Amino acid sequence: MPLTPFIANNPDPASFSLVKVWSSTVRGVRFRDNVIYDGARLPYDGSGVVAYDRSLHEDGPVPPADKAALTGDARLTAPGTATSLDDLSGYLPAADSPVLGRGLDIAHDGGRDAVGTALPAGMPDLGGLQGTAGSGRDEAAPTAATSFGDGRSTSPAALTDGSDRATWASPDAGVSCPGTITVTFPSPRTVSEVVLATHHGQGQGITRLDVQIWNGTAWTTRSTDATIDWASDSGSVELAALPLPAAVSTTGVRLVVKAASHTWGNLSVNEISTR
C-alpha cells in the first residue's frame, strides 16, 4: 500500500484504514502470517473485531494487538515488480529473509500458497508465497495435553490454536516439576525444531526441559536439559527454538518441563509449533 496522491491529497485522510470492518455484525476476523508494506502509513481497525497475529510490518504502524509482530525489511526477491497475478515471483522471500519459517501453523489453511506451492506441516513463511515447498497437507490443528492442569480459565487447546493471543497457563499454586506438555499431530510430520511462543517469559516461561519424540511405540528423548533464556517480561511474545540433533518424522512431541519461572506461581505458553 504505497502513499498514492489520492490518499495523500484526500480531504478526509482519517477515512482510510489498511484493515477496516464496516459491518456491525461481523465478528472473529483473523489476520495472520502476512508481509505488509504500509507506505501510506494507514492505521488498522482496533475495535477488537479483528485479531492480528504474527505478521511482518514494513513501514507504517503495527497493530498493538499483534503480540509477535515483526518489523523491518522483509527481504523479498523483487517486491512491486509484478505486472499480473501470473507473475508474483518478486514476492518470494530471499534466502536471508526474516520471514522464513516464522508463521503460525494454521489449521485447514488449504495446504497451498497464493501460487499453489505446497505449504509445510508446521510453521510456514510469512507472506503470500512460500520459499520452500512442504507436504501440502490441509489438516486439522494438532491437539495438546498437559500433566500440570489448567489455571486462569485456560485450556491446552490454546497451545495449538494458530494464535499468539490465547494462552495456556498452569494453576497458580501447587505446580511442581517435572511435568509434561504433549502435542499430537493429525498425521506424521518431519520435525527438526520445536518452537515455543511465550509472553512474560522471565515471569512465567519454561526455562529447562527435555524434548521427546514419539517413535510409534514409545517416547524417546532427542534433546536433554535444553535451556531457554527469555529476554523480557513483557506482553510481547518471544519465540524460542529447540533444535533436534536430526530431523525426524513423528506424530507427536512431548516437552518434559524441568524448570520454569514462577513469579506469579504459574508457568505459561502461548503456542507450540514445529518446523
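1. How many nonpolar, polar and charged residues does the lining of the largest cavity have? The model is a predicted one, and in it this lining divides into 9 nonpolar, 2 polar and 6 charged residues. The space inside the largest cavity is about 130 Å³. Its lining is made up of 17 residues, and those closest to the centre are Asp-105, Ile-106, Asp-109, Arg-137 and Glu-139.

2. The structure has 2 cavities of 30 Å³ or more. By class, the residues lining the second largest cavity are 4 nonpolar, 3 polar and 3 charged.

3. Which strand gives the largest share of the lining of the second largest cavity? Strand 13 does, with 4 residues. Strand 13 spans 271–274, and strand 8 spans 179–199; each of them supplies at least two lining residues.

4. The charged end of Arg-189 is placed over the ring of Phe-185, at 4.2 Å from the ring centre. A further case of a charge over a ring involves Lys-20, which lies over the face of Trp-22 at 5.4 Å from the ring centre.

5. The largest pocket has a volume of about 450 Å³. It is lined by 18 residues, with Val-35, Ile-36, Tyr-37, Leu-76 and Tyr-91 closest to its centre. Strand 2, residues 35–37, gives the most to this lining, namely 3 residues. The lining of the largest pocket has 13 nonpolar, 4 polar and 1 charged residues.

6. The second largest pocket has a volume of about 310 Å³. Of its 17 lining residues, Pro-120, Met-123, Gln-130, Thr-132 and Arg-275 lie nearest the centre. Strand 8 provides the largest share of this lining, with 3 residues. By class, the lining of the second largest pocket has 6 nonpolar, 7 polar and 4 charged residues.

7. Why does the pair of Phe-31 and Tyr-52 count as edge-to-face? The ring centres are 5.9 Å apart and the planes stand at 75°; the cut-off for this class is over 60 degrees. Phe-31 lies in strand 1 and Tyr-52 in strand 3 (residues 50–53), so the pair ties together parts that are 21 residues apart in sequence. Phe-31 is partly exposed, with a relative accessible area of 24%, while Tyr-52 is buried at 4%.

8. Which residues form one aromatic cluster with Phe-31? Tyr-44 and Tyr-52 are in that cluster with Phe-31.

How values were computed
Residues numbered from 1 in each chain as written. Predicted model: local features only at pLDDT ≥ 70, side-chain atom pairs only at ≥ 80, totals over all residues. Heavy atoms only, no water. 1 Å grid on protein atoms, 1.4 Å probe; cavity = no way out; pocket = protein on both sides within 12 Å on 5 of 7 lines; lining within 4 Å. Points joined across faces, edges and corners; volume = space filled by probe spheres on them. Nonpolar A, V, L, I, M, F, W, Y, C, P; charged D, E, K, R; others polar. Phe/Tyr/Trp six-rings, centres within 6.5 Å; stacked < 30°, edge-to-face > 60°. Buried < 20%, exposed > 50% of the residue type's maximum accessible area, 1.4 Å probe, protein only. Lys NZ or Arg CZ within 6 Å of the ring centre and 35° of its normal.
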